[in-house]
Each structure stands twice: as C-alpha cells, then as structure tokens.
Number of protein chains: 2
Amino acid sequence: MQIINNPNKSDWSQVLKRPTQTVGDIEETVIQIFEDVRKNGDAAIKTYTSKFDGISLDSHIVTSEEIQKAMNAVPEKLQQAIKTAKHNIEAFHTAQKTDRIEVETTQGVQCWQEKRAIQKVGLYIPGGTAPLFSTVLMLVVPAQIAGCKEIVLCSPPNKQGALAAEIVFAAHLCGVTKIIKVGGIQAIAGLTFGTETIPQVYKIFGPGNQFVTVAKQLATKYGVAIDMPAGPSELLVVADEAANASYIASDLLSQAEHGVDSQVILVSTSKTLIDKVSEEVEKQLEVLPRKAIAEKSIGNSKLIYVENDTLALELINEYGPEHFIICSQNEDFYVDHIENAGSVFIGDYTPESAGDYASGTNHTLPTNGFSKAYSGVNLDSFSKSMTFQKISKEGILNIGETIELMAEAEGLQAHKNAVSIRLKDLK
Amino acid sequence: MQIINNPNKSDWSQVLKRPTQTVGDIEETVIQIFEDVRKNGDAAIKTYTSKFDGISLDSHIVTSEEIQKAMNAVPEKLQQAIKTAKHNIEAFHTAQKTDRIEVETTQGVQCWQEKRAIQKVGLYIPGGTAPLFSTVLMLVVPAQIAGCKEIVLCSPPNKQGALAAEIVFAAHLCGVTKIIKVGGIQAIAGLTFGTETIPQVYKIFGPGNQFVTVAKQLATKYGVAIDMPAGPSELLVVADEAANASYIASDLLSQAEHGVDSQVILVSTSKTLIDKVSEEVEKQLEVLPRKAIAEKSIGNSKLIYVENDTLALELINEYGPEHFIICSQNEDFYVDHIENAGSVFIGDYTPESAGDYASGTNHTLPTNGFSKAYSGVNLDSFSKSMTFQKISKEGILNIGETIELMAEAEGLQAHKNAVSIRLKDLK
C-alpha cells in the first residue's frame, strides 16, 4: 500500500484521484442493442440472452414452480438471516415516510406537498458466481414501502437457465411483481421500451458492470429515470492512534475484495497506526479466497498521514467517499462536519459490512464523488414529490396584483390576463 | 384547436404525443465548447460571449456598483411584488425542512438519516427580451434555506454587457454568492469545470434553450448533477360542464404564450364546455401581444372529450402533465388519485400563473412526462440525504451472525471476516 505523508493541498486532487474507467467504445454496442430491442421486442431479448448468457429460453418469466423450488432450496439459517436483515431495512425505511406538508402562505392561498409512489420501477440484479441477494432487499423493500404498483426485477440466467435460489427467494419474500430472467444491456433496453414479456418502467435501479452502467445512462435519453450514476465501490477510513488496526485492516479488505478497481483509503493523524494497519492488511490478505482481486485493489490504495483532524476532514470532504468509517476519539467532530459521504460508520464495532447487509441502512450509495450532490437510495428514491394549491376568492384577491405586476414585468401578458379576468369578476 | 371525441385507449399514446425535439446535431457544438472551456478557462468564456452575445467584456462578474444600480432601477411596486412572492416561496419551502430520522433497528444498532446541503450550486437564468426574475426566486430561495454555501448565478449579458435589473435585484435580495454575466453552453461548461472567474459546482439548476439543455446533459457525464431533464412547458386542464370557460381559456393561453412548442390540453366530460372554451380561446387570443407564438402552440393543442371521470383520470395519468388544473365538481376524485403531475391547481380561482409567480410552490417542474419519475424542484433538491450508523458491542453481537451468513452466501469472505474478527474479541 502506498503511504503518503502530509500531502500539500495543491496535490490533493492528484492524491485522491480515482481509478479511471473508459466506457466510450461500449456505447455503440449499447445503442445497437437498444435499437434492436425497441424494434423486435422479445425476439431480440432471446437472441442476446443466447449470445451473452449462453442459454436459449422459451420463456424468461420465473414461474410459480421455480419460485417454490427456490423457497425450498435456501437453507433455513440463511432464510432466517435474510428475514432479520429485511426486518431492519424495513424499520429504517418505514421511518423515512413523510407527512403531507401544508402551508397557507397568504390568507386564502393553500399550498401543500405530497409524495406519491413511482408507479412502475425496474430493479436490476447482476448475476455471476456470487448472487447479490442483499441488493434485492435494498431495492425491493423501499419500493414496497413507497407503494410502487409494479416492481419488476431482472437478473441474468445462469447456463442452466435459472436464477440463484437466494435471489428468487429474496425477491418473492419482499413482494416483487414479476421476476424476469434477463440480464445485461438487453434487460435495461427491455425495461426502457417494454417488450411482450418485460414491462416498460419509469425508473431503473441497481448495480451492474460497465455495460449495464452505459445502458442505464442511455435509458435516461429515452425519458427513463435512474437511481444514480455508477462507479467502482470505495471506502475511506479516518482513524487516530487509539483505533484498532486489525479491525481497520479487515474493513479495508472487505472493500478491496469487491473488484480490482475498488478504492480503499486510510486517513490518519497517527503514523504508528498507518504502519500497523499496513502490516495487518498484508497478514489478513494472505488467507482470503478472493486474494487475487483484493491484492490488486489494495495495490492502488492509499494510507495518508495528515497533521490534524481539521485537515483530515477537509481532505475527506474533497474526496466525498461512498463509505466513510470513523474510528477516532474525535468522532463527534467528523460526524458533525462531514458534508460529502454516502453512508457513515461510527466506532470500533460498526464495520462497513453491517450496512452492506443488515443494519438497516441502504447499501446502494453514490460512488466516484457523487456524494457531493446525490443521495444514496432511500424511501424518497421510489416516489416523487408533487405540489398542490387551492386558492379561494379571498386568496386571489390577496395575491392577484403581485402576480399581475410580475407577469407584466416578464412580458407575459396572457399570464397576467389569467389573473385579471378572475379579479374583474370579483371586484 | 383540435377536438378529439372519445379516443380509443389504443390511440391514447398517439393523441397524447408531445411535439418532438431533435437535438442530435447540437451535440457536437456543445462538446467542442466544453473542451475549449476546460482547456482555456476564462479566455474561452470571453470568446464565446463575444461570439454569441455580441459583447466583449473585461470582467464577467457583476460588481457591487452594478448591484446598487439595479436595486435603484426596479420600480418600487415591482420590488414589493417580488418581496411578497419571496415571502410565500420562503414559507412553503421552509416548511419542507425535515428532522433527522433515527431508528434503533436492533438493540445496539443505531441508524439515522440526515439531510446535508449541497455545498456548491450553479443556477442558470436565461436572458432574452423577458427577464425571468421569477426563476431567480424559485431557485435561490430554496438553496438558501437548504444551506448551500456557494450559490453561483449565471445569466447572459445583453448587448450593453448588462443583466436585466430585475434579475440582479432578485439575485441580490435572495443572497446569491456570485452573479456572473455569462450565458449559453459556455456558462454550463464553466460551472462544470470551473474557470478563473466561474466556480466549479456540484449541481446545476435552471431552464434554458435547447443548447443549454444539451449542455446540462453533457455536464452529467463529468459528474455534475442537474435538477432534471428539460422539455417544452405544458398544461392539462380537466373540467366539467360547471366550469368557467373564459377562465379556462385564459389558463390555456397563459401556457401557450411560452413558446411555439408549448403544449396545451383540455380534457372534459362536457362537449358543451369544449365548444365554449374553443370560442373563448379564439376571442382572447386576438388581443394578446404574444399572439403569434400563442396561436402556433394553440394550433398543436387538443380538446379531448371523454365519457367519465375515471377514463379522464386514466388518460391524465398516462400523460403526466407538468401543470394540471382541476375545475371539476369531482375535484377530490382527481386530487386523491392523480399519480403523475408536476404541480396541481385546484378550483376556479387557482390559475397556473399563481404558481408561476407567487403562491409559494416552485415553478421548476418536470415536463415531457418526466412527472412519472421526477419531482419538481423543492427543498430536497438542494441537499442530499446521508445515512449514519453506530453499533455497540451488544449490537454487533446481535446482528453479527446474520451478516456472516449473508456475506458467506454471497461469496464475500472478507466482508464476513470484518465481523468475525470483532465477534472473536467479544465472545
């Protein structure tokens, strides 16, 4: 791991630079598949599933028999664990419900704001050897609480034409409307345009490889919203001399095993701690099954020594980490002043994996510095806020002239007329 | 105006089709200007301002002398009107503040959600003959309430190198940090990359022509968030036989005068009302200063007769109007069941122009059917929600095994280790 001592502010942007991704040359493939799915619907879906997933399917819908089989295939202890996690995620996201906000801004002018569910949402769950059923919980639970009517889940089939039992189990447990065996660009294209099998949706959520990422970006050009732009996962830990080096090393490695482009940073006011963590990382790395991956991303990662907490905080806010762990005696200082982070983990007994699975917070978070402007997925991600207003005769008499003056000054006479015509009747 | 009787559901998508925009050929110009601004900063800004706005400026910053001049130039009555509108917008957006949400999801597992302001925001206000100072209020007021530290406003200079006094007045009144005389693509590029004069921001808000729209889309590729995708403004009115035809005509026209691509729709369960509104529109149109514009967009607009409220509602939810006026004896039915709309105006005395200027609701709203997934601008648009968690020894003992089981099933051993290493110390 690279140790950096007291970097100059002018070098921060270089020090904090994220591994870059180039996606330019994927775009043409994505556009071409989108066009094909738009024109040919399910026929195109079948072709690409056969081509990319190596399996030819008569139907892409997960049947009730398949669901039943999956419900039996998941071991009892894991079923219980998934239910415990679901309970916590439900508790935290249910608490995020907001009441209608109502204000009489002027006598007779009643304004209110209400949140209403996005009616149709599409959730993408990647395939691969490790089935990411935890992401199913993170997306379906808030969609249900928000009241989305149609919750469509897409995930690529394996070579046997099936989804991992854990994914089907979690999806069914949480109440997905339709589970569809389709992955990659073709899944996102299907959710964007709709096909005979795949419903068209208004917003698409979920992680994916760079093909899925570019496909989601393209979907927005067709008016479909997405949860947030994606990037490699990342973790920043701030720690002082009192922190536990082996705990921190285990957290850094849990992030590093995600992928070779994961980024892991330790910022510390203690050189001793930096040395200890570095040693511990080497030690713990040796026994990891995903050592090859973790080793590569640890290679890109940084241990940064800074002189004091104020400087550390400034540097962290400039970086805007997706996950931010605080192991410092000054934890309140960081909690109170962190401006840019996706999710914050406080103290020795709050590993990032708690939030990844079961504490109740959402694990779909802004990477790549997007925490400066984007929220992680939360209950509001599945609804939109609408405003309402009702003005009485008294109300329009009270604010009518204000509107007339402003509309006239903006040169919009018909806007003024809409008020004048009413005032004339009332005066 | 085109009258459509009882359209078949299968024809709805055709009937409700919005005027299309093609922006493909603009993209290359936008990319080129972005590259130039990124490389050459203020020098590029000056070049494009001279080229597109026809004025060569030594400095693009609005000085305190210019602000003073603007404060004196706006007539007293208009100043008062702007202050009244500001008061109402402030009242409604202040009420949208939310408290921190805290839940102990499991004994010893404390999770909370807090909203923190986006630190740096850029607001774009178009120029042209009619100065849209109302949009200044709609964007700066919530940015201030949210607590954004740096609020940068960009607007194109006129041929004399100045901004409209009303824009400078409103910006200063509401507390903009920096007012910059720069418009179009170059303004958005400047806010995206930062120049010597223009600060780099995290999120860009505000309306604009198709060049600005494409530039905002491109900004998202560089990691800058935007308020929402843009499209021509639109209004849908639902009304029954008891509604006031001349009020409705005045509302339709106030929307139609925005631009030739504005869309205006009346849905009614009364053929008599449709005829009356059609006549009234012709009559009122004659005396409008912006008749030429309104006439064209009225030409594209539709009066749709449907047999009952249920069908009307279904059609309106399929369209998802930006502005939705309800003049119906069944107003509660529509208020309760509207799923997709930006802002809703209820009753005879609630013209759309009330919300455009002074009722207190925001007028920056999702067009083009985006109300199916996007909120209009509101207080939350200027902050992001962050989650925090703090787990005690007891807490990790309570949920540790759940995390271990799930991490193992996902094949992520280092995630499991981060918990196991802590549990080992505690057991």
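Ring pairs join A:F34, A:F193 and A:Y222 into a cluster. Rings of Phe, Tyr and Trp (its six-membered ring) pair when their centres lie within 6.5 Å; planes under 30 degrees apart are stacked, over 60 edge-to-face, and the rest tilted. Over all chains, the structure holds 20 aromatic pairs. This is a predicted model: local features need pLDDT of at least 70, side-chain atom pairs count only at pLDDT 80 or more, and totals for chains, interfaces and linings use all residues. Residues are numbered from 1 along each chain as its sequence is written, chains are lettered from A and ligands numbered from 1 in the order in which they are written, and side-chain values use heavy atoms, with hydrogens and water left out.

**Aromatic pairs**

- The ring centres of A:F34 and A:Y222 are 6.1 Å apart and the planes stand at 25°, so this pair is stacked.
- A:F34 sits in helix 2 (residues 27–40) of chain A, and A:Y222 in the loop between helix 9 (210–221) and strand 8 (225–226) of chain A, so the pair ties together parts 188 residues apart in sequence.
- Helices (H or I, at least four residues) and strands (E, at least two) are DSSP runs, numbered from the N terminus.
- A:F34 is buried at 0% relative accessibility, while A:Y222 is partly exposed at 33%.
- Buried means under 20% relative accessible area, exposed means over 50%, and partly exposed is in between (1.4 Å probe, protein chains only).
- In chain B, the rings of B:F205 and B:F382 have centres 4.1 Å apart and planes at 10°, so they are stacked too.
- B:F205 belongs to strand 7 (residues 203–205) of chain B, and B:F382 to the loop between helix 15 (352–357) and strand 14 (383–391) of chain B, so the pair ties together parts 177 residues apart in sequence.
- B:F205 is buried, at 0% relative accessibility.
- B:F382 is buried, with a relative accessible area of 0%.

**Charges over rings**

- A:R18 lies over the face of A:Y319, 3.8 Å from the ring centre.
- B:K271 lies over the face of B:Y305, at 4.8 Å from the ring centre.
- The criterion is NZ of Lys or CZ of Arg within 6 Å of the ring centre and within 35 degrees of the ring normal.

**Nonpolar cores**

- The largest nonpolar core has 62 residues, and A:V121, A:L153, A:I179 and A:F382 make the most contacts inside it.
- Helix 6 (residues 133–146) of chain A gives the most to this core, with nine residues.
- Another core, of 61 residues, lies apart from it and includes A:M406, B:I89, B:A143 and B:C174.
- A core is a set of buried Ala, Val, Leu, Ile, Met, Phe, Trp, Tyr and Cys residues joined through side-chain atoms within 4.5 Å.
- Beyond its neighbours within four places in sequence, A:F382 contacts residues including A:A117, A:I118, A:V121, A:L139 and A:F205.
- Contact means heavy atoms within 4.5 Å.

**Annotated binding sites**

- An unreviewed UniProt entry lists A:Q255, A:H258, A:D356 and A:H415 under "binding site".
- These residues spread over 161 residues of sequence and up to 55.7 Å between C-alpha atoms.
- The UniProt annotation "binding site" (unreviewed entry) also covers the set A:S233, A:Q255, A:H258, A:H323, A:D356, A:E410 and A:H415.
- That set spans 183 residues in sequence, and its farthest two C-alpha atoms are 55.7 Å apart, so its members do not all gather at one spot.
- UniProt positions follow the numbering used here, feature names are shortened, and annotations may be inferred rather than shown by experiment.

**Two annotated histidines**

- A:H258 is in the loop between helix 10 (245–256) and strand 10 (263–268) of chain A.
- A:H258 is partly exposed, at 34% relative accessible area.
- Leaving aside neighbours within four places in sequence, A:H258 contacts A:S233, A:R290, A:I293, B:L412 and B:H415.
- A:H415 lies in helix 17 (residues 413–426) of chain A and is buried, at 1% relative accessible area.
- Not counting residues up to four places away in sequence, A:H415 touches A:A407, B:S254, B:E257, B:H258, B:S353, B:D356 and B:Y357.

**Chain A overall**

- Chain A has 17 helices and 14 strands.
- Its C-alpha trace spans about 85 × 60 × 45 Å along the principal axes.
- Of the 427 residues in chain A, 62% are buried.
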